[in-house]
Amino acid sequence: MNTLDILHAAVANTFRSRLRTTLTVVAIFIGACTLTLTNAIGTGISSYLDVQLASVGAPDVLSIAKTADTAPGLGDGPTAYDPVELTASTAAATETGGSTAVLSPSDLDTIAVTDGIRDVNPVIAVTPSWIEYNGNGKYNLAVGANSEMTRADLAAGTQLSESSNANEVLLPASYLTNLGFADADDAIGATITLGAADYVGTMHEVTATVAGVQNLTLLGVGVRLSRALTDEVAAIQMAAKPDGLDTGYFLATAHFDPEASAERIATIKTDLATQGYTAQTVADQIGVFQTILTGIIGVLNGFAGIALIAAGVGIVNTLLMSVQERTREIGLMKAMGMSGRRVYALFSTEAIFIGFLGSTVGALVAILTGTIVSAILADTILADLEGLQVMQFAPAPVAGIILLVMFIAFLAGTLPARRAARQNPIDALRYE
């Protein structure tokens, strides 16, 4: 019996007991389908994160904050009293309602002279109260954080210029309808009004030009303000501030050489860490999302693995029953000169075919279902996240899953195949 004969016989023998084989295939189908879907989710979201990092992430900027355990009152115990740092911390906490782990002006000076840092700028927390266009009503707004670390994913218009002295904004696409714009192109060049309260609550108005409209991304949401506009709103917020109250900053951004190697960037981070500062690139921040995603996918893959283990037990049971039912047939094949190795190959091929059948059907159903669900989500719930496909089915991972399941099936079929190969032909022929 040559290889083709073994393959043909294995396929035919698989369907001798259709109900038993079908139940085993269903178990494999569940595991393979789940594994394909979870892998597609990981591929889809990881691909989106990579695209976001490549397209809107600023590669030469660090986000720097004071390390938590160096802040006053944290760590192993209270730190020495510093009136300058205390007043800066009090001001920052008052302005933003946050904690007191802030950067003082002296911290900015220390960061600026760190080897490898080209310049450092504080991230000023500005909180305009409302936004309005052409008298169409005032609306609450959120100001995008860490805008200097990313480039906006623009639907229309241009990026904000760090060197410009003009008051400019980037509007999220979701703001257009409420503000009264027909579309993104209609908003470009329009003049909007922001309302900002000073230190004692008096409201002031500032005008700005819409430079661009941005799509929603994971790296930044909310209205983006130009540096000039940020400075003007910050000056309004600090108007009427009590004398002697310094200002602190929760974050600062620092530029380094964009051609710097990964080792050089790591050295800069280490130098800042020894001075009590935590520094992150956009890639580091994306890495947090990817780590969480990997953990979630790992848990889901674990459930799929449990289903595949159960399917493996089903394959063992199916083939053991097949060996018992075909004992006389095995004896006859061996009496006619078929070697134990060929018998082993026959039953192993049956196991592999069962695995192939279940995994292929499972993968095809997963691809069909996942593609439909992903398209529906992209047009509804996730419509604002431009370019996000929750599930992406790459050929290589799908083929890898099918091969993995077939390998598991082969391992599960090893015991029944060995038992069949070791049958004594004389005893097998006398088996009732």
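A residue is called buried when its relative accessible area is under 20%, exposed when that area is over 50%, and partly exposed in between, using a 1.4 Å probe and protein chains only. By that definition glutamine 237, at 10% relative accessibility, counts as buried. The model is predicted, so that local features need a pLDDT of at least 70 and side-chain atom pairs count only at pLDDT 80 or more, while totals for chains, interfaces and linings use all residues. Residues are numbered from 1 along each chain as its sequence is written, and side-chain values use heavy atoms, with hydrogens and water left out.

**Strand S9 and its partners**

- Strand S9 covers residues 251–256, and because five of its six residues are buried, the strand is largely enclosed by the rest of the structure; strands here are DSSP runs of E with at least two residues, helices are runs of H or I with at least four, and both are numbered from the N terminus.
- Strand S1 (residues 61–66) runs antiparallel to S9 and is joined to it by four bridges, where two strands are said to pair if DSSP finds at least two bridges between them.
- Within this pairing, isoleucine 64 has alanine 252 of S9 as its bridge partner.
- Strand S2 (residues 117–123) also pairs with S9 in the antiparallel sense, over six bridges, and the bridge partner of valine 120 in S9 is alanine 254.

**Aspartate 119**

- Aspartate 119 lies in strand S2 and is partly exposed, with a relative accessible area of 30%.
- Although aspartate 119 and threonine 253 are 134 residues apart along the chain, their C-alpha atoms are separated by 8.4 Å.
- Not counting residues up to four places away in sequence, aspartate 119 touches Thr253, Ala254 and His255, a contact being heavy atoms within 4.5 Å.
- The side chain of aspartate 119 makes a polar contact of 3.0 Å with that of histidine 255 and another of 3.4 Å with that of asparagine 121; a polar contact is a pair of N or O atoms within 3.5 Å, where within protein one must be able to donate a hydrogen and the other to accept it, and residues adjacent in sequence count only if both atoms are side-chain atoms.

**Glutamine 237**

- Glutamine 237 is placed in helix H7 (residues 227–238), and, leaving aside neighbours within four places in sequence, its contacts are Ala125, Val126, Thr127, Pro128, Ala197, Asp198 and Tyr199.

**Asparagine 134**

- Asparagine 134 sits in the loop between strand S3 (130–132) and strand S4 (154–157), and counts as exposed at 62% relative accessibility.
- The phi of asparagine 134 is near 55 degrees, a positive value in a residue other than glycine.
- Most residues other than glycine have a negative phi.
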